[in-house]
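I opened this entry to get my bearings in a structure I had not looked at before. My notes go from the whole chain down to single contacts.

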Amino acid sequence: MDLIIYYSRTNNTKEVAELIAEEKNAELLEIKDKKSRSGPLGYVIGAIDSFRGKKTGINYEKNDLSKYDTVYIGTPVWASKPTPAIVQFIEENDFSGTNVVTFATFMGSGGEATITAMNNRIKDKGGKIKRSFAFRMTGNDKKQLVQEALNDD
């Protein structure tokens with residue numbers, strides 16, 4: 001059984017996570033930021049917090065990651081970095097021996113830098129990166145992107 005973990009502000013990452021879960025018949029785990037990130041001001045503050053590497057309080061159902069075959073972790077790209085909520089989740093969890101697939105959603109740029117930052121943090125926590133994807137959301141069919149990305153699995 002696989003687990004899809006995600007944080008989403010505008011539902012783009014949520015939709016991709018749901019599509020991956022559907023394709024993989026996997027469980028979903030949403031990470032919720034205790035800090036409001038809604039609206040234009042929430043976006044700007046979120047980008048600044050990401051850029052500065054600020055921590056944030058999060059809510060989620062605790063899970064033993066080692067019981068899953070593969071754990072997928074998804075985040076939107078903010079200032080070419082993963083969101084504070086996903087960084088906090090990675091910091092709070094033990095990835096020892098866990099197979100991980102990371103993914104990021106973005107509108108402009110920064111997908112590769114975000115993936116690299118996530119992968120480095122997960123490796124530091126003992127995780128094994130199997131693969132990574134970055135999905136540009138503008139003008140693309142989410143379902144097709146997910147199917148193409150998972151085609152090699």
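What follows is what I looked up, in order.

**Ground rules.** I am working with a predicted model, in which local features need pLDDT of at least 70 and side-chain atom pairs count only at pLDDT 80 or more, while totals for chains, interfaces and linings use all residues. Residues are numbered from 1 along each chain as its sequence is written, and side-chain values use heavy atoms, with hydrogens and water left out.

**Whole chain.** I found five helices and eight strands in the protein; these are DSSP runs numbered from the N terminus, helices (H or I) of at least four residues and strands (E) of at least two. Read from the N terminus, the order is β-α-β-β-α-β-β-β-α-β-α-β-α. The radius of gyration is 14 Å, close to the 15 Å of the globule rule for 153 residues, so the protein is as compact as a globular protein of that length. That radius is taken over C-alpha atoms, and the rule is 2.2 Å times the number of residues to the power 0.38. I noted that 49% of the 153 residues are buried (under 20% relative accessible area, 1.4 Å probe, protein chains only).

**Leu3.** I then picked Leu3, which sits in strand E1 (residues 2–6). Is Leu3 buried or exposed? Leu3 is buried, its relative accessible area being 0%. Thr70 is 67 residues from Leu3 along the chain, yet the C-alpha atoms of the two are separated by 6.6 Å.

**H1 and H5.** Next I looked at helix packing. The axes of H1 (residues 12–24) and H5 (residues 142–150) come within 10 Å and cross at roughly 50 degrees. That makes H1 oblique to H5; angles under 35 degrees count as roughly parallel, over 145 as roughly antiparallel, 65 to 115 as roughly perpendicular and the rest as oblique. The axes are lines fitted to C-alpha atoms over the stretch in contact, with angles from 0 to 180 degrees between N-to-C directions. Among the residues that meet are Val16 and Leu19 of H1 and Val146 and Leu150 of H5.

**H3 and H4.** The axes of H3 (residues 84–92) and H4 (residues 111–124) come within 9 Å and cross at roughly 15 degrees. That makes H3 roughly parallel to H4. Here I listed Ile86, Val87 and Ile90 in H3, which meet Met118, Arg121 and Ile122 in H4.

Terms used:
Contact means heavy atoms within 4.5 Å. Buried means under 20% relative accessible area, exposed over 50%, partly exposed in between (1.4 Å probe, protein chains only).
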